[in-house]
Structures are given as C-alpha cells and as structure tokens.
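Subject: Structure handover

Hello,

Here is the structure I promised to pass on to you. Please open it alongside this note, and I will walk you through what turned up.

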Amino acid sequence: MHKYRIGDRLGEGSFAVVYRASTSDGTTVAIKKIKEPQPSRDACLSLRELRSLKSVGRHPNIVLLRDTVYEKRELSFVFEFLPCDLH
C-alpha cells in the first residue's frame, strides 16, 4: 500500500471498508479493504468479485478496477474514485 496515501473512510459493509486515497501523482482513488484475512495471493485470485471485474474489463457502467494489493494477508481493491455512491 506504499503507492497510496489513505484518506477519509467513505463507508463500510459486511465484507469490506472503503477509503478515499491518492496516488503519488495526485489521482484520487477508492480503496476497498477486505476485512477477512486471505491465506494466500492465489486464494485472492479465486474470489468471485475479482474474477468478475477482470473478465468484464472496461465498461461505462462498471467502476474501473485499477489495481489489487495483497500485503500481510490483507487484500485491497483499488478502484477509480466516483464522487457519489452507487445508489
């Protein structure tokens, strides 16, 4: 997570917490940190959400997955930042 500066907490659900963050070039992103520790990077790759996002690719109605980070058994998804929620 050294590439990102974590900022405000935007929300929390049953499985993850979402934070606003910024990159070294000043781009604002949303980081979704999965609450449950993941046993390995390979186990992360089998998660349905990750497989689905990667298979769809770029689509105007789906938030862009920019990066995934796995450190110390924690999995985080880095998404493009949207100034609103999905409701």
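First, a term you will need throughout: a residue is called buried under 20% relative accessible area, exposed over 50%, and partly exposed in between, using a 1.4 Å probe and protein chains only. By that scale Glu80, at 22% relative accessibility, is partly exposed.

Please keep in mind that this is a predicted model, in which local features need pLDDT of at least 70 and side-chain atom pairs count only at pLDDT 80 or more, while totals for chains, interfaces and linings use all residues. Residues are numbered from 1 along each chain as its sequence is written, and side-chain values use heavy atoms, with hydrogens and water left out.

Let me begin with the sheet. Helices (H or I, at least four residues) and strands (E, at least two) are DSSP runs numbered from the N terminus, and two strands pair if DSSP finds at least two bridges between them. Here five strands make an open, antiparallel sheet in the order S1-S2-S3-S5-S4. S1 and S4 are its edge strands, each pairing on one side only. From one strand to the next, the twist averages 25°, where axes are lines fitted to C-alpha atoms (for helices, over the stretch in contact) and angles run from 0 to 180 degrees between N-to-C directions. Six bridges join S4 and S5 in the antiparallel sense, and Tyr70 has Leu75 in S5 as its bridge partner. Helix H2 packs on this sheet, touching S3, S4 and S5, and its direction makes about 30° with that of S5; touching, or contact, means heavy atoms within 4.5 Å.

Next, the interior. A nonpolar core is a set of buried Ala, Val, Leu, Ile, Met, Phe, Trp, Tyr and Cys residues joined through side-chain atoms within 4.5 Å. The largest one has ten residues, including Ala30, Ile34, Leu50, Leu53, Leu65, Leu75, Phe77 and Phe79. S3 (28–34), H2 and S5 each supply at least two residues of this core, and S5 gives the most, with three. Another core lies apart from it, with six residues, among them Tyr4, Ala21, Val29 and Val69.

Not counting residues up to four places away in sequence, Phe77 touches a list of residues including Ala30, Ile31, Leu50, Leu65 and Asp67. The C-alpha atoms of Phe77 and Ile31 are 5.6 Å apart, although 46 residues separate the two along the chain.

Finally, the charged pairs. A salt bridge is a side-chain nitrogen of Lys or Arg within 4 Å of a carboxyl oxygen of Asp or Glu; by this rule there are six. One of them joins Asp67 and Lys3, with the closest N and O atoms 3.1 Å apart. That pair links distant parts of the chain, with Asp67 in strand S4 (residues 65–71) and Lys3 in the segment before strand S1 (4–12), 64 residues apart. Lys3 is partly exposed, at 47%.

Arg58 and Glu80 also form a salt bridge (3.4 Å, N to O). Arg58 lies in the loop between H2 (48–56) and S4, and Glu80 in S5 (residues 74–80), so the pair ties together parts 22 residues apart in sequence. Arg58 is exposed, with a relative accessible area of 58%.

Elsewhere, Glu12 and Arg9 bring their closest N and O atoms to 2.4 Å in a salt bridge, and Arg9, Glu12 and Lys35 are linked in a network.

Best wishes
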